[in-house]
Amino acid sequence: MSRSRIYLDHAATSWPKPAAVLAAMDEYARRCGATAGRGLYQSAQQATEVVRGARQKLARLINAESASCISFHSSGTLALNVAIAGLIQPGDHVVTTAAEHNSVLRPLHLLQKKKLIRLTIVPCDVTGTVSAADIGHAIGSHTRLVAVTHASNVTGAVQPIGEIGKLLRDHQALLLCDAAQTLGYVPIDVRELGVDLLAAPGHKGANGPLGTGMLYVHAEHQDRLEPLIQGGTGSHSDSLEMPVEYPDKVESGNLNVPAIAGWSSGLDSLLESSGHPLGPLAEMLYRELRAVVGLQVFGTPGPLPVVSVSISRMSPSDVATILDTEFNIETRSGFHCAALIHRYLNSGDEGTLRISGGHQTREHEIESVCQALRAIVAEVAGTII
């Protein structure tokens with residue numbers, strides 16, 4: 001009898017999706033199928049209501065001022081690019097960190113390479129954590145944007161977003177938070193944290209399918225955001241100019257309403273209950289991994305079960321392959337689309353093996369991966385001897 005699949009790559013995308021999410025997508029596709037904001041007939045109005053309802057749920061989830069502060073995008077990456085390209089002007093100074101995902105680092109690097117901006121990258125420590133004081137020291141009179149991830153996708157380290165928000169309270173610079181790893185897993189209150197813009201995908205902790213993303217922009221700053229993409233929005237169609245209203249001006253083209261319908265259903269469970277707390281799972285994961293002699297564990301326990309490890313003299317990709325083929329355990333190896341953090345972790349030339357849990361992860365799965373790694377380490381040690 002084959003062993004059941006153990007999926008531990010939730011930092012990439014969550015799986016399995018809740019049954020209600022899949023049912024809502026199927027229901028929309030089969031019974032509605034119309035575009036949102038593009039017609040007055042009944043099914044088109046139904047599609048528009050699906051989108052409106054999802055905006056309202058997301059606004060509640062992050063305590064946004066209103067649903068009109070939320071725009072939809074095909075991914076968290078696109079949402080981040082909309083924020084970065086839409087706000088930054090030539091000559092601006094931008095502050096970010098070494099813990100960022102490439103979705104932030106690459107667009108900023110390109111702008112710096114073109115000599116359009118000055119960029120300061122604040123280092124992180126050996127756990128992947130950034131100091132709010134260091135960010136404060138990097139901010140100057142010409143700083144327009146501070147972009148910081150809420151949590152590292154390599155070590156799970158949660159950054160001091162609230163402290164950074166306080167530092168910027170009386171400063172012209174805006175705070176952009178990448179909540180890819182935390183939306184749906186960690187409580188987020190954009191008003192309490194002092195976040196001006198927050199971007200996230202829907203397909204990780206927020207229970208949505210792939211092809212979903214959101215960008216929150218505080219009402220005071222929506223006029224400053226220029227559209228990244230030009231096209232039809234379903235509004236002001238008689239004009240060659242893009243709408244000036246948010247979120248319309250950043251939602252050119254048809255929205256992925258089937259996916260949004262599924263995401264909306266997935267948000268219901270997050271709003272109706274406290275969910276499945278991941279802190280105890282994270283503590284267990286770190287504790288069990290650190291008990292494996294010969295395994296290097298990066299980072300420290302926190303609210304997210306996201307851990308990077310390595311085995312001396314063994315490629316992370318080889319470890320991931322053995323876990324998959326021999327134990328039916330799915331993890332991720334490499335640099336995890338985070339170009340800079342590994343030099344601070346001292347994780348070597350091939351990155352790390354990342355183990356990441358989510359809402360669906362259970363303790364026996366953590367026990368299984370730790371037992372498998374223990375067996376791999378023992379095999380490697382025996383081979384070396």
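1. Start at Asn-63. This residue comes just after helix α2 and takes a positive phi of about 60 degrees. Bear in mind that the model is predicted.

2. Helix α2 covers residues 42-62, 21 residues in total. From its first C-alpha to its last, α2 reaches 31 Å. That is close to the 30 Å expected at 1.5 Å a residue.

3. Next, Asn-102. It is found in helix α4, which runs over residues 102-113. Is Asn-102 buried or exposed? Its relative accessibility is 10%, so Asn-102 counts as buried, the cut-off for buried being under 20%.

4. What does Asn-102 touch? Setting aside neighbours within four places in sequence, Asn-102 is in contact with Pro-107, Cys-337, Ala-338 and Ala-339.

5. Turn to His-236. This residue sits in a loop. The loop lies between strand β8 (213-217) and helix α8 (257-272). His-236 has 43% relative accessibility, so it counts as partly exposed. That class lies between the cut-offs of 20% and 50%.

6. Which residues does His-236 touch? Not counting residues up to four places away in sequence, His-236 touches Pro-243 and Glu-245. With Glu-245 there is also a polar contact: the two side chains are joined at 3.3 Å.

7. Last, a distance. In sequence, His-236 and Pro-107 are 129 residues apart. In space they are 30 Å apart, C-alpha to C-alpha.

Note on methods: Residues are numbered from 1 along each chain as its sequence is written. This is a predicted model: local features need pLDDT of at least 70, side-chain atom pairs count only at pLDDT 80 or more; totals for chains, interfaces and linings use all residues. Side-chain values use heavy atoms; hydrogens and water are left out. Helices (H or I, at least four residues) and strands (E, at least two) are DSSP runs, numbered from the N terminus. The expected span of a helix is 1.5 Å times one less than its number of residues. Buried means under 20% relative accessible area, exposed over 50%, partly exposed in between (1.4 Å probe, protein chains only). Contact means heavy atoms within 4.5 Å. A polar contact is a pair of N or O atoms within 3.5 Å; within protein, one must be able to donate a hydrogen and the other to accept it, and residues adjacent in sequence count only if both atoms are side-chain atoms.
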